[in-house]
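The sequence and the structure are shown below.

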Amino acid sequence: DMKEKATRAPIGLERKNGLNNVRGSVAMARTMDPNSATGQFFINVKDNSFLNAANAPDGNGYAVFGKVVEDMDEGIAVLDRIAHLPTGPSPDGTITSDFPQTPVIVKSVTLIP
C-alpha cells in the first residue's frame, strides 16, 4: 500500500553466512551502505550470483537469511506466479517500473531452527 512501516535500527551485513542468492532464497534489501538493512527484503526468482559477497565488486553483496519452503515445489510455484504478475509504475510515481500492479502479501513466515 506504499505506506512506510516502522522499522528497527539497521543491522550489520551478514555476508559471510555461507548462504547464496539462488532461486528461492530470501535476502535483505539495503542502500549503498552495506550496513543499512532494516525491513525490506527480496526473494530471488532466479540465481543471482552477482549479489553474493564473493562476486560483488565491493565485496559486500546482499545477505541471504531465508528460503522459500513449504513443499518446496509448491512454494516455488507460488514464487513463479508472483514473478509473472503485471508490473508498472507505483501509484505515487516514486517507482517508475517493476512495481506489482496487484498487491503481494506475505501471509505467514516460519522460523525453522
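This is a predicted model: local features need pLDDT of at least 70, side-chain atom pairs count only at pLDDT 80 or more; totals for chains, interfaces and linings use all residues.

Asparagine 21 is buried, and its relative accessible area is 1%.

## The aromatic pair and its surroundings

How many aromatic pairs does the structure hold? There is one. The pair is formed by phenylalanine 42 and tyrosine 62, with 6.0 Å between the centres and 70° between the planes. The geometry is edge-to-face, because that class takes planes over 60 degrees apart. Phenylalanine 42 is part of strand β2 (residues 41-43), while tyrosine 62 is in the loop between β2 and β3 (64-67), so the contact links parts that lie 20 residues apart in sequence.

Arginine 30 lies over the face of tyrosine 62, and its distance from the ring centre is 4.1 Å. Tyrosine 62 can also be placed relative to proline 34: the two are 28 residues apart along the chain, and their C-alpha atoms are separated by 8.0 Å.

## Salt bridges

Side chains of opposite charge can pair when their charged atoms come close. The structure holds two salt bridges. In one of them, the side chains of arginine 23 and aspartate 80 meet at 2.9 Å, N to O. Arginine 23 is in the segment before β1 and aspartate 80 is in helix α1 (residues 72-83), so this bridge ties together parts 57 residues apart in sequence. Both ends are partly exposed: arginine 23 has a relative accessible area of 33%, and aspartate 80 has one of 26%.

A salt bridge also joins the side chains of arginine 81 and glutamate 74, with an N to O distance of 3.6 Å. This distance qualifies because the cut-off is 4 Å. Glutamate 74 is partly exposed, with a relative accessible area of 38%.

## Nonpolar surface patch

Which residues form the nonpolar patch on the surface? They are Phe41, Ile43, Phe65, Val106 and Val109, and together they have about 490 Å² of accessible area. Valine 106 has a relative accessible area of 49% and is partly exposed. That value falls in the partly exposed class because exposed means over 50%.

## Backbone at aspartate 98

Aspartate 98 is not a glycine, yet its phi is positive, at about 65°. The residue is located in the loop between β4 (87-88) and β5. Aspartate 98 counts as exposed, with a relative accessibility of 61%.

## Separations along the chain and in space

Proline 86 is in the loop between α1 and β4 and is exposed, with a relative accessible area of 51%. Proline 86 and threonine 102 are 16 residues apart in sequence, and in space they are 7.4 Å apart, C-alpha to C-alpha.

Methionine 32 lies in the loop between β1 and β2. With 73% relative accessibility, methionine 32 counts as exposed. How far apart in space are methionine 32 and histidine 84, which are 52 residues apart in sequence? Their C-alpha to C-alpha distance is 28 Å.

Notes:
Residues are numbered from 1 along each chain as its sequence is written. Side-chain values use heavy atoms; hydrogens and water are left out. Rings of Phe, Tyr and Trp (its six-membered ring) pair if their centres lie within 6.5 Å; planes under 30 degrees apart count as stacked, over 60 as edge-to-face and the rest as tilted. Helices (H or I, at least four residues) and strands (E, at least two) are DSSP runs, numbered from the N terminus. A charge sits over a ring if NZ of Lys or CZ of Arg is within 6 Å of the ring centre and within 35 degrees of the ring normal. Patches are made of residues with over 30% relative accessible area and no salt bridge: like charges are joined within 9 Å, nonpolar side chains (Val, Leu, Ile, Met, Phe, Trp, Tyr) within 5 Å. Accessible areas come from the Shrake-Rupley method with a 1.4 Å probe; for residues, only the protein chains shown count as cover. Buried means under 20% relative accessible area, exposed over 50%, partly exposed in between (1.4 Å probe, protein chains only).
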